[in-house]
Amino acid sequence: MRMTDIQRCEVRPGRLVEWALSPATIAAAADLPADPRPPAYVQEGHIRTARSVREDGLFVPTWLGTAFDIPGAVDLDALEVALRGWTLRHETLRSGFRWAGDDMHRFTLAPEAVSLQREEVGDFPDADALVQRLQDRFDAAANALSWPNFLYAAVIRDDSTSVYVGFDHSNVDAYSIQRIPAEIHELYAAAVEGRPVEEPPVGSYVDFCEIERADADRIDGTHAIVARWREFIQRCNGKLPNFPVELGLEPGGPLPTQKLMREMLVDADAAAAFEAYCRPFGGSLVGVLAATSLIVHEIGGQPVYRAVVPFHTRVKSKWSNSVGWYVGGAPVEVASDQAPDFTAALKVVRAELQANRSLARMPLARVLRLLGADFRPTSPDLYSIVSFVDARGIAGAERWDELSAYGLVRVSYGDQVCVWLNRLHEGLWFTCRYPDTDIAYKNMQLYVERLRDVILTVAREQRATELAAHGLAG
């Protein structure tokens, strides 16, 4: 799915309708006893960060969402049935948190207590006004510090309806939002046809949170994973790594606004050839990290590229269709003197990931707590990321272009660089959120251009090798 922001996802005029949890549902939640299942460390860290940043006087929206079309005239009642059915399928959406002093406690509604309230907002003949309305509503309704923390919207036209859904990050990750169009299309079709949906039960992210936290709480400061992170952070001068190019940030200055960069990096043929070249070393993720290590050394001159690489934590099949924030991080270090060219960098990155990938299963927030360092977060992102996902196998991916399906990221404030690369049927899609300074723009533009150059060069080399092999075989 192409990741973008609400401003660049083909919003067209129409009649706006919204759905939120009903007042009766909210009232029922207020009387619920505590659910003993704790928040995941990543959820707790996210919500505490939002609170810290708000206490510093800044409102930083961090919601994620998706947008997609339903072709033809829409049946609003059937769409409402589909949205409620989808909400009930994923327990995290009827679960939230309350503060008791400095402690967070979960509450969770029973499925039968959940209902949606529809609001007919009105006609929006101007697309820009509609974009602003959608962003403002998601900022308010998909907010880490309130509950409910998600919202559904539809923009209705005679020939098609665009659906927009937004969630606080504590409920979803990028994989979760990419599954939404196919799931809601399926539920909507069933509701229109008046047939039941035969679906195997979906694992609950709330259950996962309890299991993961119990495992994390078994380790202490003497554990080997904690030692590995301690050494890595010490080599990063006591911090988690930012993207190692000049970003024009003022030390100790206010949290900067951010901008979005997004484009198709290379076409499907080049992406396939790049993947084929990198496959013996572990695939495109290894290739992207290897290329990045070379490029940032070229731009910024740092002798070592250090990064925290995101990996999913859906280690059991029961979590594979579950909506939640199933992401951990693993540290990697690539020294330029050990990786002077692309093939050498591939070997170093492969070795780093083989050695460290398992660290992603231990929540970093737990490790930081055990390290005892003062990691009071002042930014919504703990560290910069370069993420690669092959999304072609996700249900419905072949229709994303036809349905104008987009993953949505909110671009607001932050001092880190977040890069997402999505392998789509059409090619390799690049999205980046970066601090809004002239020098950051210049260096990130240079990074994109050089990344494209490296991928195309490697792809040409791979095609030449394949042609030579076929020629020999002939």
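**Close-up views of a predicted model**

**View 1. Gly166, a buried strand residue.** In this predicted model, Gly166 is buried, with a relative accessible area of 0%. Gly166 belongs to strand E8, which covers residues 160–167. Leaving aside residues up to four places away in sequence, Gly166 touches Leu64, Gly65, Phe138, Ala142, Asn149, Phe150 and Leu151.

**View 2. Arg423, buried without a salt bridge.** Here we turn to strand E14 (residues 418–424), where Arg423 is found. Arg423 is buried yet has no salt bridge; Asp390, the nearest side chain of opposite charge, is 4.3 Å away, and a salt bridge has to fall within 4 Å. Contacts of Arg423 include Ala268, Glu275, Phe388, Asp390, Arg392 and Leu428.

**View 3. Asp390 paired with Arg392.** Asp390 does form a salt bridge with Arg392, with 2.7 Å between the closest N and O atoms. Asp390 is partly exposed at 37% relative accessibility, and Arg392 is partly exposed at 31%.

**View 4. Glu120 and Arg15, a salt bridge between strands.** The side chains of Glu120 and Arg15 meet at 2.6 Å, N to O. Glu120 sits in strand E6 (residues 116–124) and Arg15 in strand E2 (residues 14–21), so this pair ties together parts that are 105 residues apart in sequence. Both count as partly exposed, Glu120 at 43% relative accessibility and Arg15 at 31%.

**View 5. Asp207 and Arg37, a helix-to-loop salt bridge.** The closest N and O atoms of this salt bridge are 2.7 Å apart. Asp207 lies in helix H6 (residues 205–216), while Arg37 lies in the loop between helix H1 (23–30) and helix H2 (41–55). Asp207 is partly exposed at 31% relative accessibility, whereas Arg37 is buried at 14%.

Technical notes. Residues numbered from 1 in each chain as written. Predicted model: local features only at pLDDT ≥ 70, side-chain atom pairs only at ≥ 80, totals over all residues. Heavy atoms only, no water. Helix = DSSP H or I, 4+ residues; strand = E, 2+ residues; numbered from the N terminus. Buried < 20%, exposed > 50% of the residue type's maximum accessible area, 1.4 Å probe, protein only. Contact = heavy atoms within 4.5 Å. Lys, Arg positive; Asp, Glu negative; His and termini not counted.
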